[in-house]
Amino acid sequence: MAAKYQQIANEIRTKILNEEYPVGSVISPELKLQESYQVSRHTIRQAIALLANEGFLRKEKGSGTYVDDRFKTKDASEKRTKTIGVITTYLSDYIFPSIIRGIEETLRENGYSLLLASTGNDPQQERKCLESMISQQVDGLIVEPTRSNQYNPNLSYYLSLKESGIPVVMINSHYEELDLPYISLDDVKAGFAATSFMLDQGIDQLALIVKIDDLQGKLRMKGFIEAFEKAKLMFDSANIFTYTTEEKQEVVARVVQRLLDETNTIKGIVCYNDEIANSLAQSLTASGKQIPEDFAIIGQDDSYLSTAGEIPLTTISHPKEQLGRDAAQWMIRAIDKKIISDNILYDPQVIERQSTKKNN
C-alpha cells in the first residue's frame with residue numbers, strides 16, 4: 001500500500017488532471033491540508049514536494065503553492081526511468097500470462113523494465129493503477145482497456161498522458177472515444193470466422209453468447225451478424241445471450257436451461273471466448289448431452305482452456321505472445337525514436353477440434 005503522502009499526492013494529482021484545480025490556481029495552505037487529511041505537516045510537505053518534482057505544483061515563497069503544467073513539458077531526459085507500465089484487466093489466468101511474457105521478454109532485451117498492474121475490469125481500480133503509474137513516472141503505458149464498451153470515467157487521464165508526451169498504446173481493445181493507437185485481434189473478423197465456420201457445417205440454428213461491457217463483444221457480435229448476412233440467412237435475436245463481467249457464471253446457466261428445454265431448436269453455439277465455451281461444454285456434458293453430437297460449440301482465443309476439458313474445443317486463434325512482443329516494440333519505437341506507429345490488427349484463423357463436426 002502506498003505511503004500516506006503518496007496517497008495525498010495521488011488525490012491532488014487527480015484533481016489537477018481533471019482540472020478541478022486549474023493551472024495557475026492556488027491550492028489550500030499546508031495547515032488546511034493538514035486538517036483535511038488528518039496528517040502531520042511533514043506528510044503534507046512530502047506530498048507537495050513530490051508533486052512539485054513531477055511538475056504539477058510550484059511553490060512561490062510568501063505567496064503560496066500554485067498548480068503548474070510543467071509536467072507536460074519537462075525535458076524527456078529528466079523523466080526517463082526506462083520503465084514501462086503495463087495495465088491489464090487480469091494477470092494470472094486465461095491468455096494474460098502469455099501476453100505479459102511477450103511484453104516482458106522484449107522490454108528486457110531492450111534494457112527496459114516492466115511495472116505491472118491489473119484492474120479486475122473495474123474502472124475505479126483502473127484509476128488507481130493510472131495514478132500509481134503516473135506517480136512512478138513510467139516512460140510509457142501499455143493498457144488493456146477496462147469495460148471498453150461502456151463510458152469510462154478515466155478518459156481524461158489518457159488525454160493528459162498524451163498531452164504530456166507519454167506514449168500510450170492499447171492492447172486487445174481500445175476506447176472508441178479516444179484517438180489512441182491499439183494492437184488487437186480483428187474482432188469483427190473473429191466473430192465472422194467463427195459463425196461462418198458453423199454455418200458452413202450446415203448448422204444454421206445458432207446461438208451467440210457475448211460479453212457486452214467490453215468492445216470485443218460488440219465487434220464479435222457484429223461479425224456474427226455479418227456472417228448470417230453474407231450467407232443470406234436469418235438469425236433469431238432470441239438466441240443472442242448477452243452478459244457483463246459480473247454475470248459470467250449466470251449466463252452459462254441461463255443458456256443451458258434454454259438448450260435443455262424440449263422446445264429448443266438451437267444446434268450450435270458461438271461463444272465469446274474459450275472460458276465461456278469450456279464452462280458451457282462441461283455443464284452440458286454433466287446434463288447428459290454429448291458434444292458435438294447434440295450441440296456444436298466454438299470458442300475464441302485458442303487459450304489453454306480450449307484443450308483443458310474432456311472435449312477439445314474448436315476455437316479462433318489469438319496471437320498472445322506476438323501481441324505482447326509487438327506492443328513492447330511499438331512502445332520502444334515511440335520512446336527511443338519518437339515514432340508513433342499505426343494500429344495493428346491480426347487476422348483470425350479457425351482452429352478445428354472435436355467440439356464441432358461436419359454434417360455427413
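How many residues has helix α9, and how far does it reach from its first C-alpha to its last?

1. Helix α9 (residues 215–230) has 16 residues and reaches 23 Å, close to the 22 Å expected at 1.5 Å a residue. The expected span is 1.5 Å times one less than the number of residues. Helices are DSSP runs of H or I with at least four residues, strands are runs of E with at least two, and both are numbered from the N terminus.

2. This is a predicted model: local features need pLDDT of at least 70, side-chain atom pairs count only at pLDDT 80 or more, and totals for chains, interfaces and linings use all residues. Residues are numbered from 1 along each chain as its sequence is written, and side-chain values use heavy atoms, without hydrogens and water.

3. Among the buried residues of α9 are L215, R220, F224 and F228. Buried means under 20% relative accessible area, exposed over 50%, and partly exposed in between (1.4 Å probe, protein chains only).

4. In α10, the buried residues are V251, V252, V255, V256 and L259. They lie on the same side of α10, because they cover an arc of only 135 degrees around the axis (taken from the directions from the helix axis to the C-beta atoms). Q249 and Q257, on the other side, are exposed.

5. F224 and F235 form an edge-to-face aromatic pair, 5.8 Å centre to centre with 70 degrees between the planes. Rings of Phe, Tyr and Trp (its six-membered ring) pair if their centres lie within 6.5 Å; planes under 30 degrees apart count as stacked, over 60 as edge-to-face and the rest as tilted. F224 is buried at 1% relative accessible area, whereas F235 is partly exposed at 27%.
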